[in-house]
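Trainee: I'd like to learn how to read a few structural features. Could you walk me through them with an example?

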Amino acid sequence: MGAMSRVPFIWIMLLAPVCLGLGTSSAAEPLPAHAGTRLLRSGALVIEVGDPASPECRWNKGLRFSPVANVLRAQLHGQEFLYSPVTGGALTYLGGLPMEFDIGQEAFQPDPPGYNEGANGDPFLKIGVGILRRDAGAYSFSKSYPVVEPARTIVTWQTDRAHFVQTLGGHANGYCCHLEGEAIVKNDRLILNYLLRNTGSKPFTTEQYLHNFLCFSGKSVGPNVRLSFPYDFTTNPAVTPWQPSGRVRDLRAAAAAVYVRVANSIEFTDRASGVPKIWIYKPHGYTGPELCAVEHADTQQRVIAATSIPAAYVGIWTTDYQVSPEQFLLLTLAPGEETRFSRTFIFRVDGFVPQDSTGDNVVDVRDLSRLSSAWLRQPGDVGWEPACDVSAAGDDRIDLRDLAALARQWSQNAGLGLPVAHWKLQETTGSMAADERGRYPGVLRDFPADNSQWLPGGGLRFDGIDDRVEIRGLPLGSGHPRTLTAWIRLHSIPTTSQTVLAWGEPVPGRHWRLEVDTTRRLRFVCGTGYAVASRVVGDTHWHHVAVALDPLVPSRPRVSDIRLYVDARPQTVYEMNEQNLVFGDVESLQIGAPHDPATSQPFNGIVDDLRLYDAALSPAAIRRVHDEALPR
Ligand SMILES: [Ca+2]
Ligand SMILES: [Ca+2]
Ligand SMILES: [Ca+2]
């Protein structure tokens, strides 16, 4: 089928002038940093991968790590995510995302297949590397065992992907395997697909992990690095929960340890050196997604590492130059049996929108033009453009789902589009608060009849007794990302907690609220769960507050998915208690009063310029909201 016949006629009509008139720009293209590597690209994402055919590639070579899908560097929008020095480095030619099977470091971790059956001088199978010869001692991943047969690796390279096939001619006392790996880049993510087949005559159990040498733009690992898990983990060794004292404003000042536990996260409080490996265990019966998020507040970079099958455990190895959450996957294969599994790394840089396939910081007609040029293309087709495969499915085909994902971001700059609703609160009379977008007006309840609540300079005055604004029928489903922003000013220094807004049904356990608490801090509350920002807002000055829901697992939002901002600054969480977030079926919003008077008091002060977005705004976008609506 010819390329043109795949493009719907209407697109040709609509876009021909665009295609002719506008070029596409792309992000700065870095040169390969290491010798003997190739670059895979998609939009603003560049991944550097070792080329097994090149004798120049020295990184992650040897008897531990595999040349299969040997990722050395990940750069999104010019920001680096991996520890990967060009020469030497603290780890001496280790870096990136090296893959190893059977490190056998702890008693509970398997040794390579065949090692413990043989005697001194017998062969064993080091999957990903080849057949090695054992000695008289126990297996040690750091020993240099003689090589009986190195595995042979053949690679097929494309611009956005590489496929590795690794084979062995012989076997190690009946142990043998066939290994394939595929590295695919897709705008904001790296997908690593694996196939492992037992080609020997004996069953084996093996354990695969990647040494995820995460490092954010070359910064040290220390304060403001956080690792989060979507489950209530246990650890070995124990990680001390953080207990804030009254005057402390950040974690660093509070903790004696290098790291502390905050709900289901581990936060580093100091530069990490000489830290023992932390083992993370899921609760028994956990069936949710297998993933770990690592973020660095200073660079506003975040990576989510997910696996398609459950990990047995996660080991966190940290030095001051990298942090590596290692998800260990245990695989047991009978002779002839094979298994497929994958690992996905999703990268995030503040202000970068995955739908911006041209990398020019705006989602607009240029991106639509590029998408239409790649319409219905698949990998291998002429005109295939991986940067346009932007729907969450990332299904290797450019179609309506990608167009819909692009349309959602249309004309948005740096992730900030129009709000779903915007109550400017600029009225002077009446009992309605208009929605600037025209859809969700608020109804004023129990305000004075003389319009004195409407302030001349803008803003709505709440009396702290019963004044409230009700908004019904909001369109966001439970767990959908969202951001609420507002300017607030308290009438006096609060002695009780004061509700800024309440979301959800007026039924216990079916709503959450944002309040200024008795320590004068911004507090998010849902049932027994809460998260408290460190910066004080209860001081009778104007403050801009924002709460963003950014679920790690969209179907199961939790308190730890809440991001709080005060005066456009992302807040260190001062205190947190984890809890699943329940919203109820009715999406309603009440400004200025709680649903349950026993839990919090009505708001006594002024609220101005309240906005609702149907996305988790980035810090850069919240800064823009703040700057757009500075009160008087
Ligand atoms: Ca663009
Ligand atoms: Ca697609
Ligand atoms: Ca009143």
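Mentor: Let's begin with metal sites. Donors are N, O and S atoms within 2.8 Å of the metal, or 3.2 Å for Na, K and Ca, and water is not among the atoms, so sites may look incomplete. Two housekeeping notes before the case. This is a predicted model, where local features need pLDDT of at least 70 and side-chain atom pairs count only at pLDDT 80 or more, while totals for chains, interfaces and linings use all residues. Residues are numbered from 1 along each chain as its sequence is written, chains are lettered from A and ligands numbered from 1 in the order in which they are written, and side-chain values use heavy atoms, with hydrogens and water left out.

Trainee: Which residues are the protein donors of the calcium ion (ligand 3)?

Mentor: Asp-446 gives its O, while Asp-463, Asp-466 and Asp-467 each give OD, lying 2.2 to 2.4 Å from the ion. Along the sequence, the spacing of these donor residues reads D-x16-D-x2-D-D. Asp-446 sits in the loop between strand E26 (442-445) and strand E27 (460-463), and Asp-466 in the loop between E27 and strand E28 (468-471); the two are 20 residues apart, and the pair links distant parts of the chain. Strands here (E, at least two residues) are DSSP runs, numbered from the N terminus.

Trainee: Next topic: strand pairing. How many strands are in the open sheet that begins with E1?

Mentor: The general rule is that two strands pair if DSSP finds at least two bridges between them. Here, four strands form an open sheet in the order E1-E2-E3-E4, with antiparallel pairing. Strand E1 (37-42) and strand E4 (79-80) are at the edges with a single partner strand each, so one side of each has no neighbour in the sheet. Strand E3 (residues 71-76) and E4 pair over two bridges, and Gln-75 has Glu-80 in E4 as its bridge partner.

Trainee: Why is strand E22 described as largely enclosed?

Mentor: Because 10 of the 12 residues of E22 (residues 322-333) are buried. Strand E13 (residues 204-210) runs antiparallel to E22, joined by five bridges, with Phe-204 partnered by Leu-333. Strand E21 (residues 313-319) is also antiparallel to E22, through seven bridges, and these two form a hairpin with two residues between them.

Trainee: And which residues of E35 point one way, and which the other?

Mentor: Ile-562, Leu-564 and Val-566 point one way, Arg-563 and Tyr-565 the other, and all are buried. Strand E34 (residues 543-549) is joined to E35 by five bridges, running antiparallel. E35 also forms a hairpin with E36, with two residues between them, and Asp-567 in the turn has a positive phi of about 50°.

Trainee: Last one: how do I read empty space?

Mentor: Rolling a probe the size of a water molecule over the atoms shows where empty space is left. On a 1 Å grid over the protein atoms alone, a cavity is a set of points where a 1.4 Å probe fits but cannot get out, and lining residues have an atom within 4 Å of a point. Grid points are joined across faces, edges and corners, and a volume is the space filled by probe spheres set on the points.

Trainee: What is the volume of the largest cavity, and which residues lie nearest its centre?

Mentor: The volume is about 100 Å³. The largest cavity is lined by 13 residues, with Phe-229, Pro-230, Leu-552, Ser-560 and Asp-561 nearest its centre. Domain 3 (225-320) and domain 4 (421-628) each contribute at least three residues to the lining; domain bounds come from an automatic or database domain assignment.

Definitions and conventions: On a 1 Å grid over the protein atoms alone, a cavity is a set of points where a 1.4 Å probe fits but cannot get out, and a pocket is an open set with protein on both sides within 12 Å along at least five of seven lines; lining residues have an atom within 4 Å of a point. Buried means under 20% relative accessible area, exposed over 50%, partly exposed in between (1.4 Å probe, protein chains only).
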